[in-house]
Amino acid sequence: MNTDLQQRIHDAIANPKNLGEMENADSVGTVGSAECGDMLRMWVKFKQDDQGRKVIDRATFQTFGCETAIAVASVATELIAGKTVDEALSMSGADLSAPLGALPPMKIHCAQLVEGALRSALAPPTDLPAAAAHVPQATTLFDQLHSGNAPANKVKVVLKPIAKA
Ligand code: FES
């Protein structure tokens, strides 16, 4: 991984945006990566914009994933704010991770994990990218870890919820 990309990922995870569970979300999607076993959940809240369109007001995430997945989710949740469902669904993992720069091949699935969670929240599970497998919803990611849907060797990281506005 080049140093510029490493620095952008480092900067993103030093101050991740939109991290944590969202109360009163309109939709939620969770996926697990078939490639690495990591998991990511995304919550989405909609609003009506000035033109009467239903758009994404905000999105938040939690993950048991690598630094790249956290960094991509952080920038992606900012990118999709204000977009319609169709506009957000038209974005690929590469689009969602674009602010970080091009990811190396071994990290592309990390962006696909974010894309998969977004698609799971916005569209039927049959629309998931190949690298992501749909994980049945549970109350929390911890529930899923304890249910055996995540590998035992993954470090459990407690992510603090976002402060209410
Ligand atoms: Fe699993 Fe990055 S290595 S999401």
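**Close-up views of a predicted model**

**View 1. A strand pair seen at Thr30.** In this predicted model, Thr30 has Arg41 of strand β2 as its bridge partner. Strand β1, which covers residues 27–33, runs antiparallel to β2, and six bridges join the two. Together β1 and β2 make a hairpin, with five residues between the strands. Look in that turn for Gly37, whose phi is positive at about 85°.

**View 2. The hairpin of β2 and β3.** One place to start is Gln48, which stands opposite Lys54 of β3. Five residues lie between β2 and β3 in this hairpin, and Gly52 in the turn has a positive phi of about 80°.

**View 3. Helix α2 and its surroundings.** Helix α2 takes in residues 67–79, 13 residues in total, and spans 18 Å from its first C-alpha to its last, close to the 18 Å expected. Is this helix mostly covered or mostly open? It is mostly covered, with ten of the 13 residues of α2 buried. Among the buried residues are Thr68, Ile70, Val72, Ser74 and Thr77. The cover over the buried residues of α2 includes helices α1 (3–14), α4 (93–96) and α5 (108–122), along with strands β2 (39–48) and β3 (54–64).

**View 4. Val72 and what it touches.** Zooming in on α2, we come to Val72, one of the buried residues of this helix. Which residues does Val72 touch, leaving aside those up to four places away in sequence? They are Leu96, Ser97, Leu100, Cys110, Ala111 and Val114.

**View 5. The largest nonpolar core.** This core holds 33 residues, and those with the most contacts inside it are Leu40, Met42, Val72, Val114, Ala117 and Leu118. Two or more residues come from each of α1, β2, β3, α2 and α5. Helix α5 gives the largest share, eight residues.

**View 6. The whole chain, for orientation.** Stepping back, the protein chain has six helices and four strands. From the N terminus, their order is α-β-β-β-α-α-α-α-β-α. Of its 165 residues, 37% count as buried. Among contacts with a separation of 6 or more, 64% are between residues 24 or more positions apart.

How values were computed: Residues numbered from 1 in each chain as written. Predicted model: local features only at pLDDT ≥ 70, side-chain atom pairs only at ≥ 80, totals over all residues. Buried ≥ 20, exposed ≤ 12 C-beta atoms within 10 Å, placed from the backbone. Contact = placed C-beta atoms within 7 Å. Expected span 1.5 Å × (residues − 1). Core = buried A, V, L, I, M, F, W, Y, C linked by C-beta atoms within 7 Å. Pairing = 2+ DSSP bridges.
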